[in-house]
Amino acid sequence: KFSELTGYTYEEAIGSKSNVLKSGQQPDSVYKELWEKITEGQIWKGEFHNKRKDGSLFWESASISPIIDKDGNVINYIKVAEDITEKKLSEKALLQSKNKYKKVIETSTEGFWLIDNEGVTMDVNIALCDMLGYWKEELIGKTPYDFVDSTNLNIFKDQIANANNNKQRSYEVSLITKSGNQIQTKFNATSISDNDGNFNGSFAFVTDISKEKRANQIQKVLYNISNAVTSTENLNTLIGLIQNELGKILDTTNFFVALYDKKTKLLTLPFFTDEKDNLVTIPAGKSLTDHVIKTKKPLLVNRKDKDRLVQLGLVERFGSDSKVWLGVPLKIENEVIGVLVVQSYEDENAFNKSDMKMLEFVSDQVSISINRKKTEEGTRKALVKANESDRLKTAFLQNISHEIRTPMNGIMGF
């Protein structure tokens, strides 16, 4: 067996030193420890990375025991070894595979979440940490249940409960980030089984679909607003519907639309709903609404921003002071016809730049819908006025006809 493994014949091996197999692939400390043990009469166990006669390398697991005479002196050594080259190569390949897998997981743009059979987090990747806003150490040891509200908790529990029967699962769930925001995510989960087929945990690739969900919701809102022109009776009802539709994607508790008359320079409020104020018109001056009209640009300001604009003389204080104010111009052919405004008295972070961009995008359809409804109402009023004018004209002519006929009847003897 020795000859088969090393390539040396019995004759070549007899009388040779053991270091004939030394490959130079292991540190000297391994051999130092070996000799210290066996010379002291102890058994050494370990692994050798040795070299065959032809120069090729192999691994062996060895046990070397000293042979001691009756006086207790070490007179020889005996080695029992096993060729573990294939095992080592398999371990190396497995390690390389694990490293490759780990690299793929760590560099993935999707979140990765590994839990054990109790639902405890065992591993996550950077993408998931970024998604939730936590460090890896903060997530390890927690369960997915720690990052959802009660509604989504039930979704997670149902999915994990069925994990043993349903190995591959795809579902949507809202996660709560460290900052307290909710993000819409999609889980593509796979169950892990032990050698007996029992559930031993699962892993999932997690995709943030918040933007996709928001985009779909915006498209639905735009569609509903465009259809509202024909389904609503008047401008007030139309804008009320616009408030409800926009309320599906941001807070419209405090909401108003101000319409601008370019000729008179006046602002009217066909729709105004607010927790603190009850306005009918906005006086001419330097209000935030006026500022949006003059600049033709959207404006997002908190109290500090408003103070700065006041100090610069660009705006004047008007109405109750909200913590955050967001207004976007309503335009038709680049001419401002009004301003759509939302504000919050409670939360300074109620609106952000993303909301401003969204409202700016939606404002095109809102402008078209409002302008059409105004035109429709104007046409209807003109028609009513024309009909009234025709009625008065007819009444007048009938009256004149009667006055003329009356004296003529006397003359003609009727």
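Which residues is Ser 202 in contact with, leaving aside its neighbours within four places in sequence? Here are some notes to read beside the model, starting with that one.

1. **Ground rules.** This is a predicted model, in which local features need pLDDT of at least 70 and side-chain atom pairs count only at pLDDT 80 or more, while totals for chains, interfaces and linings use all residues. Residues are numbered from 1 along each chain as its sequence is written, and side-chain values use heavy atoms, with hydrogens and water left out.

2. **Ser 202.** This residue lies in strand β8 (residues 199-208); helices (H or I, at least four residues) and strands (E, at least two) are DSSP runs, numbered from the N terminus. Leaving aside neighbours within four places in sequence, Ser 202 is in contact with Trp 113, Leu 114, Ile 115, Arg 169, Thr 190, Ser 191 and Ile 192, where contact means heavy atoms within 4.5 Å. Ser 202 counts as buried, at 6% relative accessibility. Buried means under 20% relative accessible area, exposed over 50%, and partly exposed in between (1.4 Å probe, protein chains only).

3. **Ala 127.** Have a look at helix α5 (residues 126-132), where Ala 127 lies. Ala 127 is buried, with a relative accessibility of 14%. Not counting residues up to four places away in sequence, Ala 127 touches Ser 108, Thr 109, Glu 110 and Gly 111.

4. **The α8 and α9 pair.** Two packed helices are described by the angle between their axes and the distance between the axes. For helix α8 (residues 210-231) and helix α9 (residues 235-246), the angle is about 170 degrees and the axes are 10 Å apart. That makes α8 roughly antiparallel to α9. Axes are lines fitted to C-alpha atoms, for helices over the stretch in contact, and angles run from 0 to 180 degrees between N-to-C directions. Angles under 35 degrees count as roughly parallel, over 145 as roughly antiparallel, 65 to 115 as roughly perpendicular and the rest as oblique.

5. On the α8 side you will find Val 221, Asn 224, Ile 225, Ala 228 and Val 229, which meet Leu 238, Leu 241, Ile 242, Glu 245 and Leu 246 in α9. Sorted by class, the contact of α8 with α9 has eight nonpolar, one polar and one charged residues. Ala, Val, Leu, Ile, Met, Phe, Trp, Tyr, Cys and Pro count as nonpolar, Asp, Glu, Lys and Arg as charged, and the others, Gly among them, as polar.

6. **The cores.** In soluble globular proteins, nonpolar side chains tend to be buried together. A nonpolar core here is a set of buried Ala, Val, Leu, Ile, Met, Phe, Trp, Tyr and Cys residues joined through side-chain atoms within 4.5 Å. The largest has 30 residues, and Leu 246, Phe 255, Leu 340, Leu 359 and Ile 370 touch the most other members. Elements giving two or more residues to this core are α8, α9, β9 (254-261), β13, β14 (335-344) and α12, and α12 gives the most, with six residues. Beyond its neighbours within four places in sequence, Ile 370 is in contact with residues including Leu 235, Ile 242, Val 257 and Leu 330. A second, separate core of 21 residues includes Val 124, Ile 160, Val 173 and Val 206.

7. **Salt bridges.** A salt bridge is a side-chain nitrogen of Lys or Arg within 4 Å of a carboxyl oxygen of Asp or Glu, and by this rule the count comes to 15. Lys 248 pairs with Glu 245, their closest N and O atoms being 3.1 Å apart; Lys 248 is partly exposed at 48%, whereas Glu 245 is buried at 10%. Asp 307 and Arg 317 also meet in a salt bridge (2.5 Å, N to O). Asp 307 lies in helix α11 (residues 303-311) and Arg 317 in the loop between α11 and β13 (324-332), so the pair ties together parts that are 10 residues apart in sequence.

8. Lys 373 forms a salt bridge with Glu 376, with closest N and O atoms 3.0 Å apart. Being three residues apart in helix α12 (residues 353-411), the two are separated by about one helical turn. Lys 373 is buried at 0% relative accessibility, while Glu 376 is partly exposed at 29%.
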